[in-house]
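Hi there,

Here is the structure I promised to pass on. Please open it alongside this note.

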Amino acid sequence: MDAFLQRVWYERHAQWFSALLLPLSWLFGAVAGVRRAAYRRGWSQSFRVSRPVIVVGNITVGGTGKTPMTIWLAERLRARGVQVGIVLRGYGGTSAQWPRDVTSETSADEVGDEAVLLARRTGALVVAGPDRVAAAKRAIERGAQVILCDDGLQHYRLARDIEIAVIDERRGLGNRRLLPAGPLREPPSRLDSVALKVLTRRAQSPSSTALPNAIVTTPVLGEAVSLGTGERRDLQSFVGSRVHAIAGIGNPKAFFDALTGLGLTVDAHPLPDHARLTEADIAFPDGAPVLMTEKDAVKCPPGADASRLANCWAVRLDVAIGEADAQAIDRLLDRLLAAH
């Protein structure tokens, strides 16, 4: 179903089916509009916590690069000596108690894959929970000086100082229709109200989106780390032999295309976003290496066969930002920190 909807939203030849869903899209838009108006006019209350809040999100369903952008911001703030707290919903987490403090050792089943990934990559104070206000307050109790909210653009209950919207440059806004006829959570005009628009530019993909006054980030695949042994390998070392690639993210094709662009021969195995991995998902009879995103690596079954895990490799993902764009973000952070 996920793959089918992606075609409906982003491919021209599938627009006939999108048109059938327009009545539901209009209903979704009406409900979302009333909700936005309720917060704008004070009928529903937003809560401001005692530390500045930066929200990083998107107006489309699916992967745009917001989590790598959150990691970049966390590292940028920490380089200034700022204690960062990251809050997020904890999508897919089964915890019976929220909010939850998240460490690199926390089970992804309990708090969601992105929460564990952020804890491992940033060293920030990560707190997961459906109530972002409660999660932010908990992060502040633990010492956070700035709150980064990952994927909270539509969570209006948490008041924010800066909104950052991340858009995949190649896929853009798809057919520009609201759910379920299109990929949009909010109308395109929502981008006019954010402080910063970020285009994720994948080097191997042609551009299809023009967005004035946006900065550009480029995803960069780093080294691969064995889940079983901790061995590190440059991705170029896999060139010349076939590899299996697993991606349970919002845009799996972006990961597969990036590996192919580096010269790897890839057998692609897309999974639904946030899909839980089983041992069967990483077991291939040919014994070829299995490459996966960091987000998938945190979900690998802990009881999996050690020799099999040794052949599974988590591929690091960072974002590169040009100096002029990085300085523009720094100025935004300067103003935020000076005001608090």
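Below is what I found in it, going from the whole chain down to single residues.

First, the ground rules. This is a predicted model, where local features need pLDDT of at least 70, side-chain atom pairs count only at pLDDT 80 or more, and totals for chains, interfaces and linings use all residues. Residues are numbered from 1 along each chain as its sequence is written, and side-chain values use heavy atoms, with hydrogens and water left out.

**The whole chain**

The protein chain has eleven helices and 13 strands; helices (H or I, at least four residues) and strands (E, at least two) are DSSP runs, numbered from the N terminus. For 340 residues, a compact globule would have a radius of gyration near 20 Å, and the chain agrees with its 20 Å. That radius is taken over C-alpha atoms, and the globule rule is 2.2 Å times the number of residues to the power 0.38. Along the principal axes, the C-alpha atoms fill a box of roughly 60 × 50 × 45 Å.

Of the 340 residues, 50% count as buried. Buried means under 20% relative accessible area, exposed over 50%, and partly exposed in between (1.4 Å probe, protein chains only). The accessible surface comes to about 15300 Å², with 53% of it belonging to carbon and sulfur atoms; these areas come from the Shrake-Rupley method with a 1.4 Å probe, and for residues only the protein chains shown count as cover. Among contacts (heavy atoms within 4.5 Å) between residues at least 6 apart in sequence, 70% join residues at least 24 apart.

**Strands around S6**

How many of the seven residues of S6 are buried? Seven of the seven are, so S6 is largely enclosed by the rest of the structure. Ile162, Ile164, Val166 and Asp168 point one way from S6, while Glu163, Ala165 and Ile167 point the other way.

Two strands pair if DSSP finds at least two bridges between them. S1 and S6 run parallel and are joined by four bridges, with Glu163 in S6 as the bridge partner of Val55. S6 also runs parallel to S7, over five bridges, and here Val166 has Val198 in S7 as its partner. S7 in turn is joined to S8 by four bridges, again in parallel, with Lys197 opposite Ala214 in S8.

S8 and S9 form a hairpin with five residues between them, and Gly230 in the turn has a positive phi of about 80 degrees.

**Two helices**

Helix H11 (residues 323-338) has 16 residues, which should span 22 Å at 1.5 Å a residue; its end C-alpha atoms are 22 Å apart, in agreement. The expected span is 1.5 Å times one less than the number of residues. Its buried residues are Ala326, Ile329, Asp330, Leu332, Leu333 and Leu336. The face turned away carries the exposed residues Glu323, Ala324, Arg335 and Ala338.

Helix H6 (residues 113-122) has nine of its ten residues buried, so H6 is largely enclosed by the rest of the structure. Gly123 follows H6 and has a positive phi near 70 degrees.

**Backbone details to check**

Most residues other than glycine have a negative phi, and most peptide bonds are trans. The peptide bond from Trp98 to Pro99 is cis, with omega near -5 degrees, and so is the one joining Leu179 and Pro180, with omega about -5 degrees. Asp151, which is not a glycine, has a positive phi near 65 degrees; Asp151 is partly exposed, with a relative accessible area of 21%. Arg176 has a positive phi of about 65 degrees and is exposed at 52%.

Pro180, Arg176 and Glu169 lie in the loop between S6 and S7. Glu169 is buried, with a relative accessible area of 3%, and its C-alpha atom is 8.5 Å from that of Thr64, 105 residues away along the chain.

Best wishes
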